[in-house]
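Subject: Structure for your review

Dear colleague,

Please find below the structure that I am handing over to you.

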Amino acid sequence: MRRLRAVRPVEVDERGLEIVSFCGHCAMAPSPVVQDQPSRVCGHCGLGLVLQAGADLAPRLDEPFLVIDTTLSVCAVSAAAEALLGIEETKAVNKHIADFLVPADANAPSAENLLALLVEVAGGSGAARTAVVRPRQEFGVRYKVRIGPCGPPHAALLVLS
């Protein structure tokens, strides 16, 4: 006996890449919807909002990430980023990203400047790119980051690797 099931159409962004959903805290994909309206809160951890990003940018379960708005304020910190950076999400939200991460090269030209890139991407006009950052008070530590748009609402996703 065959079993039929409804499938959702695959959403794609302007570059033709698949858009995937993930939790802003644990990075897990949302659970299948059992009720009529999908929840914006993660069904796995119950702590993060469900966000969307291009498949090439979205974090894997083990990747730490932060979500930054157009005012350069931290909107979300993943559980992995809390552990890596030694910060608690509740103490980081609504604080400036530069309180936690700064460009590894403080003298980079403006086109490569981390803060300018974050504002551009969070505003919805920037494409995904990479940069190198360091924790604000650490000088020997460097992280390569993927930065690109996520939402809703428009924000910048900063995935550390």
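This is a predicted model: local features need pLDDT of at least 70, side-chain atom pairs count only at pLDDT 80 or more; totals for chains, interfaces and linings use all residues.

Overall architecture. The protein contains three helices and eight strands, and from the N terminus on these elements are arranged as β-β-β-β-α-α-β-α-β-β-β. Of the 161 residues in the protein, 39% are buried. The accessible surface comes to about 9,600 Å², and carbon and sulfur atoms account for 55% of that surface. As for contacts between residues at least 6 apart in sequence, 52% of them link residues at least 24 apart.

Helix H3. This helix spans residues 114-122, and its buried residues are Leu114, Leu117, Leu118, Val121 and Ala122. Why do these residues lie on the same side of H3? The reason is that they cover an arc of only 120 degrees around the axis. In general, an α-helix has 3.6 residues a turn, so residues three or four places apart point the same way.

What do the buried residues of H3 pack against? Their partners are strand E3 (65-68), strand E5 (101-103), strand E6 (129-135), strand E7 (143-151) and strand E8 (155-160).

The ends of H3. At the start of the helix, the backbone nitrogen of Leu115 has a side-chain oxygen of Asn113 within 2.8 Å. Just after H3, Gly124 adopts a positive phi of about 95 degrees.

Yours sincerely

Terms used
Residues are numbered from 1 along each chain as its sequence is written. Side-chain values use heavy atoms; hydrogens and water are left out. Helices (H or I, at least four residues) and strands (E, at least two) are DSSP runs, numbered from the N terminus. Buried means under 20% relative accessible area, exposed over 50%, partly exposed in between (1.4 Å probe, protein chains only). Contact means heavy atoms within 4.5 Å. Accessible areas come from the Shrake-Rupley method with a 1.4 Å probe; for residues, only the protein chains shown count as cover. The arc is that of the directions from the helix axis to the C-beta atoms. A polar contact is a pair of N or O atoms within 3.5 Å; within protein, one must be able to donate a hydrogen and the other to accept it, and residues adjacent in sequence count only if both atoms are side-chain atoms.
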